[in-house]
Amino acid sequence: MTKQWQCTVCGYIHEGDAPPVNCPVCGADRSLFVLLEAEQTVAETAPALQLHLHPILVHFPNGLMPVVWLFLFMDWGFNRSALAEGAFWMVGVVTLAAPLALASGIYDWKTRFGGEKAPIFYRKIALASVLIILGSLALPIHLYGGAGMQVFYYLCLTGMLGCVGLLGFYGGKLAFSRPSRQ
Ligand SMILES: [Zn+2]
């Protein structure tokens, strides 16, 4: 029977005689893999989705930023300025929710993932910090910046969309870091 090795950092499960040199998901060293006993099922050891606060909170930035851009394009296409104003308020919601998502993510990192110093966690913290900074710049620029400054508003919103895209990509790696069971 094939041995199963679990990454203690992210929960990734590797099948084979020995653990991989580095975890393909989070990059943890092979010394951080543990051999799973035969009677342990994947369901029992699954670390993901047991604490739901962070997955819930990240829906605000991850879900709203694409809608912000949808509204902006619809405003440009149909000349409905109410849509642009709605987009502005959504940027406000994202900017308020992002620190809560970051805090809950750090909490999960410290509890579920043991505060392991893997690059994926630092990348996520850095991206969330950039997201918060860009949101904090975008809002006053749009309100007080005047017509000549609005290009920076759109640059901030472009960066924010990139941040939530990458954050979702890395978050998905952590939440679903197990092989498909054939
Ligand atoms: Zn891992």
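Reply: Start with Ala128. Leaving aside neighbours within four places in sequence, Ala128 is in contact with Ala98, Ala101, Leu102, Gly105 and Leu167. Contact means that the C-beta atoms, placed from the backbone, lie within 7 Å.

A note on the source. This is a predicted model, in which local features need pLDDT of at least 70, side-chain atom pairs count only at pLDDT 80 or more, and totals for chains, interfaces and linings use all residues. Residues are numbered from 1 along each chain as its sequence is written.

Now the core. Ala128 belongs to the largest nonpolar core, which has 24 residues. Val68, Val94, Ala98, Ala128, Leu131 and Met160 touch the most other members. Such a core is a set of buried Ala, Val, Leu, Ile, Met, Phe, Trp, Tyr and Cys residues joined through C-beta atoms within 7 Å. Buried means 20 or more other C-beta atoms within 10 Å of the residue's own; exposed means 12 or fewer, and partly exposed is in between, with C-beta atoms placed from the backbone.

The elements that give two or more residues to this core are helix H3 (59-78), helix H4 (81-111), helix H5 (119-144) and helix H6 (150-175). H4 supplies the largest share, seven residues. Helices (H or I, at least four residues) and strands (E, at least two) are DSSP runs, numbered from the N terminus. A second, separate core of 16 residues includes Trp5, Ala28, Phe33 and Leu174.

Take H3 next. Pro61, Leu64, Met65, Val68 and Phe71 are buried in H3. An α-helix has 3.6 residues a turn, so residues three or four places apart point the same way. H4, H5 and H6 are among what covers the buried residues of H3. H3 has 20 residues and reaches 28 Å from its first C-alpha to its last. That is close to the 28 Å expected at 1.5 Å a residue, the expected span being 1.5 Å times one less than the number of residues. Asn79 follows H3, and its phi is positive, near 55 degrees.

H4 has another side to show. Leu96 lies in H4. Why is Leu96 partly exposed? Leu96 counts as partly exposed because it has 13 C-beta neighbours inside 10 Å. The C-alpha atoms of Leu96 and Ile132 are separated by 8.2 Å, though the two residues are 36 apart along the chain.

Definitions and conventions. Contact = placed C-beta atoms within 7 Å.
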